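Let's take a walk through this protein model together, starting with its aromatic rings. Have a look at the structure first, then read on.

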Amino acid sequence: MMDPSSVTHSVQLAVAPVFFLTAVAGMISAVAGRLARIIDRARIMEERVRSSSDEAFIERGLRELNYLRTRGRIANWSIGLLTLCGFLIGLTIVFLFVGQAWFSQGHHMAVFSFLAGVASFIAALACFMWETVLATDLLNFNVLETGREMRH
């Protein structure tokens, strides 16, 4: 039979990882939203490229589709790393409970799974940042400069 004070202590230990899981879920939602916009934009560009006969537009469209493919892959990596992070944090919670109740090695395993989860979260954030940088890399600000010169 488990000691009630051990159960209480286990619940207290598991609270911080649960808050972390909430942050991971929020990040998955944000990255999934970006991925949906990438896919929508790619569908629009594919249709425009297919129906265009303007070689310059087709070239720009294919370049944008290439960027969108890269951004989509990076977003997928980010979601995968965030999912791995959530899994590892879930294992952390299990190890904290099991380690407290039945064996002493659970805490060592909990530390490992928590740190691996944090590393996965950091890698996912790096992918997220990389994807956002690529999103702005395709913008052509020369059009703005041309417009300014024409007004003078």
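Rings of Phe, Tyr and Trp (its six-membered ring) count as a pair if their centres lie within 6.5 Å; planes under 30 degrees apart are called stacked, over 60 edge-to-face, and the rest tilted. Searching the whole structure turns up two aromatic pairs. In one of them, Phe20 and Phe121 sit edge-to-face, at 5.1 Å centre to centre with 70° between the planes. This pair links distant parts of the chain: Phe20 belongs to helix H1 (residues 4–51) and Phe121 to helix H3 (residues 105–137), 101 residues apart. Helices here are DSSP runs (H or I, at least four residues), numbered from the N terminus.

A quick word on where this comes from: the model is predicted, so local features need pLDDT of at least 70 and side-chain atom pairs count only at pLDDT 80 or more, while totals for chains, interfaces and linings use all residues. Residues are numbered from 1 along each chain as its sequence is written, and side-chain values use heavy atoms, leaving out hydrogens and water.

Together with Phe114, they form one aromatic cluster. Phe114 is in helix H3, and it counts as partly exposed because its relative accessibility is 30%.

Now hop over to Arg71, in helix H2 (residues 55–101). Arg71 counts as buried because its relative accessibility is 14%.

How values were computed. Helix = DSSP H or I, 4+ residues; strand = E, 2+ residues; numbered from the N terminus. Buried < 20%, exposed > 50% of the residue type's maximum accessible area, 1.4 Å probe, protein only.
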